[in-house]
Amino acid sequence: MTESLQSAPGPFFGQFGGRFLPEALMAALDELTDAYDKARVDPAFTEELERLAREYTGRPSIITEVPRFARHAGGARIFLKREDLNHTGSHKINNVLGQALLTKRLGKTRVIAETGAGQHGVATATAAALMDLDCVVYMGEEDTERQALNVARMRLLGAEVVPVTTGSRTLRDAINEAFRDWVANVESSNYIFGTAAGPHPFPAMVRDFQRVIGVEAREQMLALGGLPDAVLACVGGGSNAIGSFDAFLDDADVRLIGCEAAGDGVDTDKHAATLSLGSVGVLHGSRSYVLQNEDGQTIASHSISAGLDYPGIGPQHSWLKDIGRAEYWPISDAEAMDAFRLLCRTEGIMPAIESSHALAGAIKLGNELGPEATLLVTLSGRGDKDVEQAAQWFGMLPGEDA
Amino acid sequence: MTALGDRLDQIKAEGRSALIGYLPVGYPSVEGSVRAMTAMVEAGVDIVEVGLPYSDPVMDGETIQLAAEAALATGTRVADVFTAVKAVTDAGAPAVVMSYFNPILQYGPDRFADELLAAGGSGVILPDITPDSGAGWAEVAATRDIDTVHLVALTTTPERMHLTCQASSGFVYAAALMGVTGERASIGEGVDALVERAREAGAPRVCVGLGVKTAAHAAQVASYADGVIVGSALVRCLADHPDDLDAGIAALRAKTEELAAGVRGHV
C-alpha cells in the first residue's frame, strides 16, 4: 500500500459519499465544514476536546481480555475495547462532544439529533446539558417503545424527545424528520448527526471524532505485545466501526470486520444487512449501499437492535468493502443474543445488543482461526438499556418460564 | 427551448404570472391522479409539476409525505409518472417531473430522460440535487432538450446563486421559506429580494413555491415572480375527501380557480 487510507477527507470515498440534499441546507453544511476545518487544526479546540474526553467521558477506555468468553470462540485471545465504560454508556459521546463544541463555535443555541437505540440521543442530551444548549431529539415511534428507558433518560436530561410516526417509525424516519427541522431552524440550530453517514462533512467528521477508539486500542494492543489479527465492530450507520478501523487501515495484516444486523436472516426479508444485500443508491444525503427496491424506494430494515436497524450505511464503509480493505458479515438476531448471554455469563459484562453482533462475529472468527489468533472487539455500548428486551427474548420476565 | 420555457414566456407576455400546480402521481391511484391533474389543467393551472412519490421525502411536510406514502402503498411505480406526463401534455399544459434523485438513479438517468421526453415532458425539478453535487444528471441533460430546474433558498450565498441560476433551465425555483412543503398563514419576508437576486445571477425565469395557500398569496407572489407554485394546498383537496374522488376533484377545481384568479391579480 503506497498511499495511506487513514483519515480520508471526503466528500467522496471512491464513488461513495457526496452531498445530496436541498440547496436550503448547503449554506449550513458549508458553514459547518468550514468551522470544522478550522477547529481541527486549532489547539484551543483539540485541547478542550481532549480535556473533556479525559475528565468527562473517562478516556482512555480500557481494554479487557475475556478468556472465559474466548473458550467458546475457538480459544483465540479476545480483547474488548470498552467503549461501554464511557460516560453515558457508549461510544456516541466521543462524537457528540466534538459536535457540541462546534455548535458553540458556530454561535448556535439549539441542537437537533436523531436516535435509533437512544444512545446518540442520550449523549446529545448530555452534551446539551453540559454546554447549555436546547436539545430536540427525533426518535422513531417504534424505537421509543423498545427503548423506553432511554426516552426517559433524555427527558431527565432536559431534552425534548419527539416520536416520529411516519414511514417505518424507526431511525431512518427520525433522520428525515431531523433534516426537516434543520431546514426550518438552520439559523439557530445545528444538527448533531450520530453516525458516520449522511452528507459531507458528517462521514469524515464523525469518523475523526470516533477515531480515538482505534488510536487508543492500537497503542494498547502494541503495549500488550502486538497488533491483533482482526478488529471487529458492529455496523449500523457505522460510526464505532469506522472509529475502530481508521487507525488500523494501513496495517495490511489486520483484518477489519464489520458485523451488520441480519435480523431473521439474510435469506428472509427481515434484516438490516445493507452491505451484504443492498445496492448503490442515494439516501440521506450521500451515495452508498442502500436497502432499496428496483424503483429506488427504501426498504424497511429489521433488527432486534434499534441501533443497527438502518437501511443505509456510511459511505466510507461502502468504499472499504468495494476496495476489499474491510469485510462485512451478517449476524442474525439469534446469533447476537446468544453472544449477549455468553458474555454476561462468562465475563460478567452486559453488552449492548448492537455490540453483541460484533461479539458473535468474534465467536465465528475465533472458531475459524483457532487459539493462535488475537482478536480485538469494540464493545460499543453497555446493555443496561436492553435489559427488558433481552429478558423478553430469553423469557425471563416475571410470569414467564425461564 | 422546451414547452415549459415557451409557455412561461407566453404568459409573461400576457402580463401575468403562471400558476404551477403540483400533485403526486398515484394518489389516490394512478388513474385518479391523472384525472385530478387533467381537471387542474382545465380549471386554470398553466403548468403541472408531476410528483414522483419517494419513501424518504426530506423536503416535504406532512400533507405531501402522507400522499406519497399512500401512493407507494398502492403500488405506484416510477414508470407511472410518464402516464401522468402524457395526460397532462395531452390536456394542453407543459409537464415537469418533481422527483428526489434516487428513483431516477435506479431507473437509469438516461432512460428516465428519454422516456420523459417521449411522453411529452419538458424537464425535471430535483429538490435534493444541487448543480455541484456530482450526481451525473447534468451530463444526461446536456445532450437532450430537457429542462433542469434547481432550487435557491433565502440562505443561498451569492456564489451559489450564480452557480445554480447558470445551471438551471426552464426556470429557477425560489423557495419562499426555510422549511418543508406545506400551507402557511403568510408569505415570508424577503422573497421578492430573493427573486431579484436570482434574476441578477442570470436565472432565465424565477418561480416561487413553498407555503402558498390562498389567492391572496398567489397575487402577492405573482407581483414579482414569473410563476407561483402550489402543492400542499392542492393535495389537501384530495386528502380531505379520502373516499370520494369526485368530491376531491370538485374541491381541487374550486381551489385551482381561486389560485388562477390570484395570479391574475383578482383576489
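The sulfur of A:Cys234 lies 7.9 Å from the closest cysteine sulfur, that of A:Cys259, too far for a bond. A disulfide is a pair of cysteine sulfur atoms within 2.5 Å. By this rule the count over all chains is zero disulfides. A:Cys259 is likewise in no disulfide, its nearest cysteine sulfur being that of A:Cys234. A:Cys234 counts as buried, at 3% relative accessibility. A:Cys259 counts as buried at 0%. Buried means under 20% relative accessible area, exposed over 50%, and partly exposed in between, with a 1.4 Å probe and protein chains only.

This is a predicted model, in which local features need pLDDT of at least 70, side-chain atom pairs count only at pLDDT 80 or more, and totals for chains, interfaces and linings use all residues. Residues are numbered from 1 along each chain as its sequence is written, chains are lettered from A and ligands numbered from 1 in the order in which they are written, and side-chain values use heavy atoms, with hydrogens and water left out.

Next, a helix in chain A. Helices (H or I, at least four residues) and strands (E, at least two) are DSSP runs, numbered from the N terminus. Helix α13 of chain A spans residues 315-322, and six of its eight residues are buried, so it is largely enclosed by the rest of the structure. Its buried residues are A:Pro315, A:Gln316, A:His317, A:Ser318, A:Trp319 and A:Leu320. Just after α13(A), A:Gly324 takes a positive phi of about 80°.

Now the helix pairs. Axes are lines fitted to C-alpha atoms, for helices over the stretch in contact, and angles run from 0 to 180 degrees between N-to-C directions. In chain A, helix α1 (residues 26-39) packs with helix α9 (residues 202-210) at about 35°, with the axes 11 Å apart. Their crossing is left-handed (near helix turned anticlockwise from the far one by less than a right angle; clockwise is right-handed). Contact means heavy atoms within 4.5 Å. Here α1(A) supplies A:Leu29, A:Leu32 and A:Tyr36, and α9(A) supplies A:Phe202, A:Met205, A:Asp208 and A:Phe209. By class, that contact has six nonpolar, no polar and one charged residues. Ala, Val, Leu, Ile, Met, Phe, Trp, Tyr, Cys and Pro count as nonpolar, Asp, Glu, Lys and Arg as charged, and the others, Gly among them, as polar.

In chain B, helix α4 (residues 80-90) and helix α6 (residues 109-118) pack at about 25°, with their axes 9 Å apart. That makes α4(B) roughly parallel to α6(B) (angles under 35 degrees; over 145 is roughly antiparallel, 65 to 115 roughly perpendicular, the rest oblique). The crossing is right-handed. B:Val81, B:Phe82 and B:Val85 of α4(B) meet B:Phe112, B:Glu115 and B:Leu116 of α6(B). These contact residues divide into five nonpolar, no polar and one charged.
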